[in-house]
Amino acid sequence: MSRNLVLANLNLYAVLPNLEELVRHDQEMALLIKDWDICIQFSALGGPAAFAEFKNGECTVGRGKHFSPTVKLFFATPGHLNKMFDGKAQPIPLKGFTKLGFLSKEFSKLTDRMEYYLKPSEESLSNPDFVSLNTLMTMHTAGRAVVELAVNDPVASHVSKGMMDGSLLMKVLPDGPAITLNFKNGKAGFQKGETASPMACMLLKDMDTANKLLNQKLDAFSAIAGGEVIIKGQTPMMDAMDLILDRIPHYLDA
Amino acid sequence: MKTYTYPKSQELFQRAAKVIPCGIYGHLSPAPLIPADAYPFYASRAEGSKFWDVDGNEFIDYMCAYGPMVLGYNYKPVDDAAARQYAQANCVTSPGPVMVELAEKLTDVVSMADWAFFAKNGNDVTTYATMIARKATGRKKIVLIKGGYHGVAPWTQTYGHHGVMEEDGQHTIRIRWNDFEAFKKVVDENPGDVAGFMATPYHHPTFVDNEMPLPGYWDKVQALCNAKGIVLIVDDIRCGFRLDIRGSHEYFGFKPDLVCFCKAIGNGYPISALVGTEALKNDAAKVFYTGSYWFSGAPMAAALKTINEMEAMDAVKMMTDFGENLKKGLIEVAANHGYDLKVTGHPAMPYLRITDDPTLMLHQDWCAECTKRGAFFSSHHNWFVSTAHTQEDQERTLEIADDAFEAIKKNKE
């Protein structure tokens with residue numbers, strides 16, 4: 001699978017779903033979408049498809065094609081889609097021409113806000129509320145990226161094939177957020193929140209530790225030795241997940 | 001029972017993390033010690049079966065420096081032999097007579113050995129063994145066991161690990177342990193291209209129960225290797241001199257072509273060895289292989305003395321007996337608390353696991369509680385015992401184990 005195709009999968013299946021948490025936790029964005037009743041379909045020729053549906057003040061991001069989207073945005077290639085995520089290209093609208101103004105103004109406010117959280121400045125990281133949402137969204141992005149990379153990235157899929165079945169919990173102490181990755185037959189499934197019976201756990205001492213670790217500002221080995229990051233259980237699963245996570249920067253930070 | 005804390009270890013680690021990658025890298029890293037804050041990171045001194053950390057805590061050591069310590073820390077006869085050699089000559093322009101004496105000793109003691117070659121680490125000689133196999137056969141493929149450990153060079157690691165390319169594993173084929181049919185299939189599918197088969201005498205991976213060879217396994221492997229001209233290589237780095245002084249192949253009753261030794265050979269002095277049969281001596285000579293410190297005399301003098309001492313005291317029997325008794329005692333203590341403690345592998349290097357919890361978390365908790373009370377138990381790796389471990393150590397260990405089981409029960413409440 002080409003790099004552009006893997007990245008397109010990551011953009012639609014790991015990054016885009018953060019809209020759900022954004023409108024749930026950011027008051028300004030919650031207010032913005034309060035009355036929206038729209039479904040936007042994204043699809044790339046020879047690549048992935050996903051939709052973002054806004055209704056009743058909530059957002060649902062789904063995989064594949066929606067049965068009746070309000071707007072259809074088409075991309076000629078996975079690379080075209082990736083350029084849009086970088087703000088360097090425009091999609092080709094196939095349906096919902098009357099909504100183009102909405103897309104360029106209202107929807108852009110939402111995506112700009114998502115970028116604000118996912119690509120944090122040093123200044124914004126001094127705000128505890130920002131740190132909380134950045135941590136949540138980064139954790140979700142990482143978890144969902146593991147699912148995609150385990151299938152589509154050659155290195156990660158090689159690693160995941162050797163992984164034992166079971167659930168892996170990543171949680172910020174004491175009360176979350178948390179994600180669970182369920183591995184079976186070398187494939188991973190993403191779940192928001194905790195599992196009752198994980199095979200392996202990575203527990204992060206507090207939000208600040210989690211934020212630094214997820215933003216690659218904390219040496220994991222030192223954090224483990226110092227007790228800021230606690231790992232337990234079937235740690236070979238953790239080692240394998242770490243190898244997969246280390247593939248993310250080959251795409252999303254490149 | 002009093003439990004330990006490690007403020008000085010933590011402080012030192014924080015300093016280390018600034019100037020050393022990982023703070024402590026490799027197999028001594030705190031990462032697999034779970035939870036890390038239950039374990040010491042730095043030792044200040046060692047004697048016999050024990051070491052003391054930088055916080056002054058005393059531990060009965062069941063890792064024995066991950067194998068090299070076999071006669072006890074600071075074992076005087078070995079240290080004296082090394083000191084004499086240091087005083088005479090260590091790293092010099094020409095090797096010393098001690099190199100010849102050690103080679104003669106190894107070929108005398110190790111049943112299949114007609115020659116010996118010295119290096120520093122286990123991976124030095126496992127790599128050399130693959131080169132000799134390829135030189136001798138003119139073939140490329142090396143068959144390994146899944147989960148088997150032969151060092152850290154790229155060919156020993158699997159694709160996906162950092163710094164390892166897919167091409168590094170292009171000529172290694174991994175099969176399941178004890179699966180002779182899989183080996184036969186590989187040989188059939190790669191006609192005339194399998195240079196060597198490398199495995200440990202029994203399967204001792206980390207995190208899972210260790211497995212002895214099935215009856216007839218090694219006989220069949222040896223027969224197929226002999227029939228197809230494949231070099232049979234035993235990685236005896238971890239087991240060597242703990243199962244049988246003549247080499248672990250004697251314990252299991254077969255004859256390999258090459259055997260790799262390290263760890264117990266020098267009681268902590270840096271030396272490894274590859275020994276081989278006469279048929280491969282010329283091939284070994286033709287492979288150019290060397291290192292700056294591979295001719296240093298003091299570790300050779302230490303190894304010579306270590307082997308002599310192990311022979312004289314029947315070290316294998318001492319360690320086996322100690323390991324057997326420890327195993328029985330720990331299983332009984334666990335059972336008294338309602339836990340099933342499974343012990344696999346050889347008694348001199350047992351792997352333990354509390355079977356009541358497949359996640360290993362319970363076992364990790366117990367090992368951590370034991371360590372905090374003075375018995376250094378790793379939860380992920382086979383342990384090692386030495387001839388320095390005493391009856392008193394065993395009794396103290398069982399008391400600690402008992403108290404630790406009590407503690408993990410309380411922790412769960």
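1. Between domain 1 of chain B and domain 2 of chain B there are two salt bridges in this predicted model. In one salt bridge Asp209(B) pairs with Lys342(B), with 3.0 Å between the closest N and O atoms. Polar contacts between domain 1 of chain B and domain 2 of chain B come to ten residue pairs, counting those with both residues at pLDDT 80 or more.

2. As to which elements of domain 1 of chain B touch domain 2 of chain B, at least two residues each come from helix 10 (315-336), strand 11 (341-344) and strand 12 (351-354) of chain B. Helix 10 of chain B gives the most to that side of domain 1 of chain B, with five residues.

3. In chain B, domain 1 is made of 7-61 + 315-411, while domain 2 covers 76-313. Taken over C-alpha atoms, the centres of domain 1 of chain B and domain 2 of chain B lie 28 Å apart. Contact between them involves 20 residues of domain 1 of chain B and 18 residues of domain 2 of chain B.

4. The area buried between domain 1 of chain B and domain 2 of chain B is about 1,800 Å², with 60% of it on carbon and sulfur atoms. On the side of domain 1 of chain B, the residues that lose the most area to domain 2 of chain B are Val316(B), His346(B) and Met349(B), which together make up 29% of what that side buries.

5. Chain A also has two assigned domains, namely domain 1 (3-118) and domain 2 (141-250). The centres of domain 1 of chain A and domain 2 of chain A, over C-alpha atoms, are separated by 26 Å. In this pair, 14 residues of domain 1 of chain A are in contact with eight residues of domain 2 of chain A.

6. Domain 1 of chain A and domain 2 of chain A bury about 910 Å² between them, and carbon and sulfur atoms give 50% of that area. Val6(A), Leu10(A) and Ala14(A) supply 42% of the area that domain 1 of chain A buries against domain 2 of chain A, more than any other three residues.

7. How many salt bridges are there between domain 1 of chain A and domain 2 of chain A? The count is three salt bridges. Lys192(A) and Glu21(A) form a salt bridge through their side chains, at 2.8 Å from N to O. The residue pairs in polar contact between domain 1 of chain A and domain 2 of chain A number five, with both residues at pLDDT 80 or more.

8. Helix 1 (3-15) and helix 2 (18-25) of chain A are the elements that give two or more residues to the side of domain 1 of chain A that touches domain 2 of chain A. Helix 1 of chain A gives the most to this side, with seven residues.

9. Cys262(B) is buried, at 10% relative accessibility. Cys22(B) is partly exposed, with a relative accessible area of 22%.

Key
Residues numbered from 1 in each chain as written. Chains lettered and ligands numbered in written order. Predicted model: local features only at pLDDT ≥ 70, side-chain atom pairs only at ≥ 80, totals over all residues. Heavy atoms only, no water. Buried < 20%, exposed > 50% of the residue type's maximum accessible area, 1.4 Å probe, protein only. Domains from an automatic or database assignment. Contact = heavy atoms within 4.5 Å. Buried area = accessible area lost by both parts, 1.4 Å probe. Salt bridge = Lys/Arg side-chain N within 4 Å of Asp/Glu carboxyl O. Polar contact = N/O pair within 3.5 Å; in protein donor to acceptor, adjacent residues only side chain to side chain. Helix = DSSP H or I, 4+ residues; strand = E, 2+ residues; numbered from the N terminus.
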